[in-house]
Number of protein chains: 2
Amino acid sequence: MTPNPAIRGIVETCINVSEMRRARQFYESLFGFEVMEHSDRFCAFRVGPGVLLLFTQGTSDQPMPVTGGVIPPHNTVGAAHFAFAVSREELEIWGRRLSERGIKVESEVVWTRGGRSLYFRDPDDNLVELVSPGIWANY
Amino acid sequence: MTPNPAIRGIVETCINVSEMRRARQFYESLFGFEVMEHSDRFCAFRVGPGVLLLFTQGTSDQPMPVTGGVIPPHNTVGAAHFAFAVSREELEIWGRRLSERGIKVESEVVWTRGGRSLYFRDPDDNLVELVSPGIWANY
C-alpha cells in the first residue's frame, strides 16, 4: 500500500448564500477581508493562510467547466457553521465592534481549556464563530 | 469606531453526515486523522493547525448547552465542499492511494497558477478536494 502523506491543513472552507452582493458586503465590511477572486457565482476571501469561499445558492449544483478541468457539483441548504481564529484580546475588541455595528451576539461560550467563543449570524443565517485559543488540543 | 483586528485564519470547518460511525471510519482510515474529541453528535479531527468537525445530521439544529454556555443551532443538508492542502508530490501519492482503496476520483483540475486538484466524495456525498499550491493568491 502507498503510505499516507499527512494532510497539511484545510485551505478552503465553503458556505452558500442566497444573495452574493449582500453576503459579500457583510464579510468585506465587517472583517475587511480581501476579495481574491469573484464572480456572480462565487467569492473567494483571503482569511489568513486560508480561503473562505461563498457560493451563490443554486449555482454550484451542476458540474462547472473551467480552463483546466471540471469542478464537480456541491450545494448545501441551511445554516452552515465555521470558526475564525482570533487572540484573547482581539475577541474583546470584536465584542465591541459587533455591538457598534448592531450585530447581535447570539451566544458566548467559555471552554474548559480557557478559550472563548462569540457566535453570531451572517445575513443567510450561517453561524459565524470567533474563537480564542484554548478550545481544542491543537488550538 | 473600534478598529478591526485581522482574522488570523479559519480554525473550524464543519460538515454534516448521516451516519457518524461510517463517516468517522472513512476520514480516520483514509487520512489517518487524530480524533481530538467525539460523541454521537460530533467528531473533531485534527487537520494540521485546524479542525474538521463532523456533525450528525439533525443533532445540531437545536441550542446545545455545554459547561460554559450554549452552542447555537446550525445544520446543513446537501453536499458540502472543502479542500485539504497537500504538496505537489503528495497529490501524486494521494492519486495512487485513492485508486488502491477503490475511491473514484470524480474530477481533476489543473489551475492557471499551476496548482492541481483531485475531487472525490465522502460516504455522504460531501465533495472532498485535495489541492496543491498554486490556486489562490495566498496558496
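Reader: What angle does helix α2 of chain B make with β10(B)?
Author: Heads up, this is a predicted model, where local features need pLDDT of at least 70 and side-chain atom pairs count only at pLDDT 80 or more, while totals for chains, interfaces and linings use all residues. Residues count from 1 along each chain as its sequence is written, with chains lettered from A and ligands numbered from 1 in the order written. Helices (DSSP runs of H or I, at least four residues) and strands (E, at least two) are numbered from the N terminus; axes are lines fitted to C-alpha atoms, for helices over the stretch in contact (C-beta atoms, placed from the backbone, within 7 Å), and angles run from 0 to 180 degrees between N-to-C directions. Helix α2 (residues 88-100) lies across β10 (116-121) and β11 (127-131) of chain B, and its angle to β10(B) is about 25°.

Reader: Which strand of chain B do the bridges join to β1 of chain A?
Author: Two strands pair when DSSP finds at least two bridges between them. Here A:Gly9 faces B:Ala85. With 4 bridges, β1(A) (residues 9-17) runs antiparallel to residues 81-85 of chain B, strand β8.

Reader: Which strands stand at the edges of the sheet?
Author: The open, mixed sheet has 8 strands, ordered β2(A)-β3(A)-β4(A)-β1(A)-β8(B)-β11(B)-β10(B)-β9(B). Two of them have a single partner strand each, so one side of each lacks a neighbour in the sheet: β2 (34-38) of chain A and β9 (107-110) of chain B.

Reader: And what does the twist average from one strand to the next?
Author: Take the 8 strands in their sheet order, from β2(A) through to β9(B). Going from one strand to the next, the twist averages 20°.

Reader: How many nonpolar residues has the side of chain A that touches chain B?
Author: The contacts involve 64 residues of chain A and 64 of chain B. Nonpolar here means Ala, Val, Leu, Ile, Met, Phe, Trp, Tyr, Cys and Pro; Asp, Glu, Lys and Arg are charged, and the others, Gly among them, polar. Chain A's side has 18 polar and 10 charged residues, and its nonpolar count is 36.

Reader: What share of chain A is buried?
Author: Buried means 20 or more other C-beta atoms within 10 Å of a residue's own (exposed is 12 or fewer, partly exposed in between, with C-beta atoms placed from the backbone). Of chain A's 139 residues, the buried share is 37%.

Technical notes:
Contact = placed C-beta atoms within 7 Å.
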